[in-house]
Structures are given as C-alpha cells and as structure tokens.
Amino acid sequence: MTSLFKNILRASAIVPVMAICTPAFAADQWQVKTDDSDIEFAGTQLGADFEGEFNKFTADIVFSPDDLAGSKVSVLIDIASVNTENADRDSQIISADWFDVAQWPTAKFETKSFREIAPGQYEATADLTIRDVTKEVVLPFTLEIEGNEAEAEGTVTIKRTDFGVGQGQWSDTSQVGDDVTIRIDIDATRS
C-alpha cells in the first residue's frame, strides 16, 4: 500500500471523528428573573381602559442572535395569578365564562421560528394557546444583551374571542372589547 493511499485512509477516518467530537454552535440557555419580569395585558370594559398582569409564569428560553434556527422559547402562564387591581374582575376572569381555569389553568406561548428585522429587533412566530384554542401569533420584540444579562420587550394584540375568552353574553364585544394587547418585559441571565 502506498504511503499516499495510507494517508488518505487515515484522513478519511479522522475527519468523521473530528466532526462528532467538535461541538456545534448552540443557542444559549437563559434563566428568567421573575421578580424583574412582567407579562401584562390591556383591554377595555364599558369603554374604559383597564390593565392587568399575570404574577406567575415559567419560561424555558434558549436563544442566540447568531443561531435563530436553534433558538426556542416556551412560556406557561398561570391564569389564576391574574391581577387587574379589581377583585370582582379578577374573579370573573378565571371563571368558566372567561378563561375557565378549572379546565385550562395555564396559557402557553411556544415559538416556531425567529426572524431578525433590524439590529436588536426580532419577530417571534409562535403558537399561543388559551383555553383549548391554539392560534399562531407574531410577536415583535427588542432585545438587548450585555454580557450575561438580557432584556426583551415586545407587544402583540390578539382578539379574545378568537380564543373563546368570553362565553355566552360575554362573546358580545360591546361591553368588554375584543382587542387585548399583551406586553412582555423579560429580564434574564445567561445560564
């Protein structure tokens, strides 16, 4: 066997081993700072604006601007943690006519893809599940990363009736408006 042929055989054996042993670039894991992060919403009731927030949620975030294809976010929101600073409204929100937390205690936001639209500005295409309805939404957001700290802010408007939020008499949007604006402000630390 010639030495050239031996070298080719060695190289053909080494290259696949190197490919297996070399780690692929992967998106970073992020831990949400729940005390510094908010999921808020705004709507209208009897023509007046009101706001609220969900005080409890969990998020699994794997994200890198350099690996958008490998990035993913999954958020579970505890609907019973709603706070609109109005006890009557809060008790109605979790009732069967609205979110029905007895059957569906959480809402879920799960990304399908990300797209950079400008430096530091992105769009997340995601499935949003509320009650037993899943709809695709596009969430535009800004992202600032400094060292191991990140802050993302974004806003998306949905129609509550698309998700069955507001049953019976409440499906009429004259008393409680159909449009609900959801705002996220997430602070996270790189794991």
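The structure holds 9 aromatic pairs. Here rings of Phe, Tyr and Trp (its six-membered ring) pair if their centres lie within 6.5 Å; planes under 30 degrees apart are stacked, over 60 edge-to-face, and the rest tilted. A search of the whole structure also finds 8 salt bridges. This is a predicted model: local features need pLDDT of at least 70, side-chain atom pairs count only at pLDDT 80 or more, and totals for chains, interfaces and linings use all residues. Residues are numbered from 1 along each chain as its sequence is written, and side-chain values use heavy atoms, with hydrogens and water left out.

**Aromatic pairs**

- F41 and F50 form an edge-to-face pair, 6.4 Å centre to centre with 80° between the planes.
- F41 counts as buried because its relative accessibility is 11% (buried means under 20% relative accessible area, exposed over 50%, partly exposed in between; 1.4 Å probe, protein chains only).
- F50 is buried too, with a relative accessible area of 14%.
- F63 and F141 have ring centres 6.3 Å apart and planes at 70°, so this pair is edge-to-face.
- That pair links distant parts of the chain: F63 is in strand β4 (residues 57–63) and F141 in strand β9 (residues 133–146), 78 residues apart. Strands (E, at least two residues) are DSSP runs, numbered from the N terminus.
- Both F63 and F141 are buried.
- One aromatic cluster is formed by F41, F50, F54 and F99.

**Strand pairing**

- Strands β2 (residues 38–45) and β3 (residues 48–54) pair in the antiparallel sense over 7 bridges. Two strands pair if DSSP finds at least two bridges between them.
- E40 stands opposite E53 in β3.
- The hairpin of β2 and β3 has 2 residues between the strands, and L46 takes a positive phi near 50° there.
- β3 is also joined to strand β6 (residues 82–83) by 2 bridges, and these strands run antiparallel.
- F54 has V82 in β6 as its bridge partner.

**A buried charge**

- D185 sits in strand β11 (residues 179–190).
- D185 is buried yet has no salt bridge; the nearest side chain of opposite charge, R183, is 4.1 Å away. Lys and Arg count as positive and Asp and Glu as negative, while His and the chain ends are not counted.
- A salt bridge is a side-chain nitrogen of Lys or Arg within 4 Å of a carboxyl oxygen of Asp or Glu.
- Leaving aside neighbours within four places in sequence, D185 is in contact with D36, S37, D38, E151, A152 and E153 (contact means heavy atoms within 4.5 Å).

**Salt bridges**

- D28 and R190 meet through their side chains in a salt bridge, at 2.5 Å from N to O.
- D28 lies in strand β1 (residues 28–32) and R190 in strand β11, so the pair ties together parts 162 residues apart in sequence.
- D28 is partly exposed at 26% relative accessibility, and R190 is partly exposed at 24%.
- K33 and E149 form a salt bridge at 2.4 Å, N to O.
- K33 lies in the loop between β1 and β2 and E149 in strand β10 (residues 149–159), so this pair ties together parts 116 residues apart in sequence.
- K33 is partly exposed at 30% relative accessibility; E149 is partly exposed, with a relative accessible area of 35%.
- E110 forms a salt bridge with K108, the closest N and O atoms being 3.4 Å apart.
- E110 is partly exposed at 37%, and K108 is partly exposed at 31%.

Terms used:
Helices (H or I, at least four residues) and strands (E, at least two) are DSSP runs, numbered from the N terminus.
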